[in-house]
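My notes follow the display.

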Amino acid sequence: MQHNHTFRTFAETGFGYVGLCAGCRVINVAFQNSLFCLTLDQFEAFAVMMHDRLAMRPVSTSHGKSLMLPTPMPNYFLLFSDEDLRNLCALLTEAAPVLEAERILSLSQRLN
Ligand SMILES: [Zn+2]
């Protein structure tokens, strides 16, 4: 995924960042050591999924990481604590208005 496209950061905390590659129009949601690559249209659904904990299964451990999200890799899952999800959702919420503006802008560009 090495390329020189211009990257615009919309939100950044100690846990990660949300930004858009102006070249390939891919949104990068980096959180801890995960990177989610989304289109502008997918971002809102992703944010709802994280806010509402959709597609997550409860998992019982004594480590506080009580929510498990499957990935397309059969033996690989993402684990979240409530605090992790609060931190991730804070990032998504901060970036959301700018990304919504980007989405509307790109929609109107497609129509022109
Ligand atoms: Zn790019």
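Predicted model: local features only at pLDDT ≥ 70, side-chain atom pairs only at ≥ 80, totals over all residues.

Residues are numbered from 1 along each chain as its sequence is written, and side-chain values use heavy atoms, with hydrogens and water left out.

I noted what a strand is here: a DSSP run of E with at least two residues, while a helix is a run of H or I with at least four, both numbered from the N terminus. Two strands pair if DSSP finds at least two bridges between them.

I looked up the bridges of β3 to β4 (residues 34–38): there are five, and the two strands run antiparallel. The two form a hairpin with two residues between them, and Gln 32 in the turn has a positive phi of about 50°.

I then checked the other partner. Strand β2 (residues 16–21) is joined to β3 by five bridges, also antiparallel. Leu 20 has Ile 27 of β3 as its bridge partner. Five residues lie between the strands of this hairpin, and Arg 25 takes a positive phi near 60°.

**Buried or exposed**

I used these cut-offs: buried is under 20% relative accessible area, exposed is over 50%, and partly exposed is in between (1.4 Å probe, protein chains only). Five of the five residues of β3 (residues 27–31) are buried, so the strand is largely enclosed by the rest of the structure. Ile 27, Val 29 and Phe 31 point one way, and Asn 28 and Ala 30 the other. In a regular strand the side chains alternate between the two faces of the sheet.

I looked up Ser 34, which is in β4. Ser 34 is buried, at 16% relative accessible area. Apart from neighbours within four places in sequence, Ser 34 is in contact (heavy atoms within 4.5 Å) with Val 29 and Leu 78.

Tyr 17 is in β2. Tyr 17 is partly exposed, with a relative accessible area of 31%.

I found three strands in an open sheet, in the order β5-β6-β7, with antiparallel pairing. β5 (57–58) and β7 (77–80) stand at the edges with a single partner strand each, so one side of each is left without a neighbour in the sheet. Four bridges join β6 (residues 67–70) to β7. Leu 69 has Leu 78 in β7 as its bridge partner.
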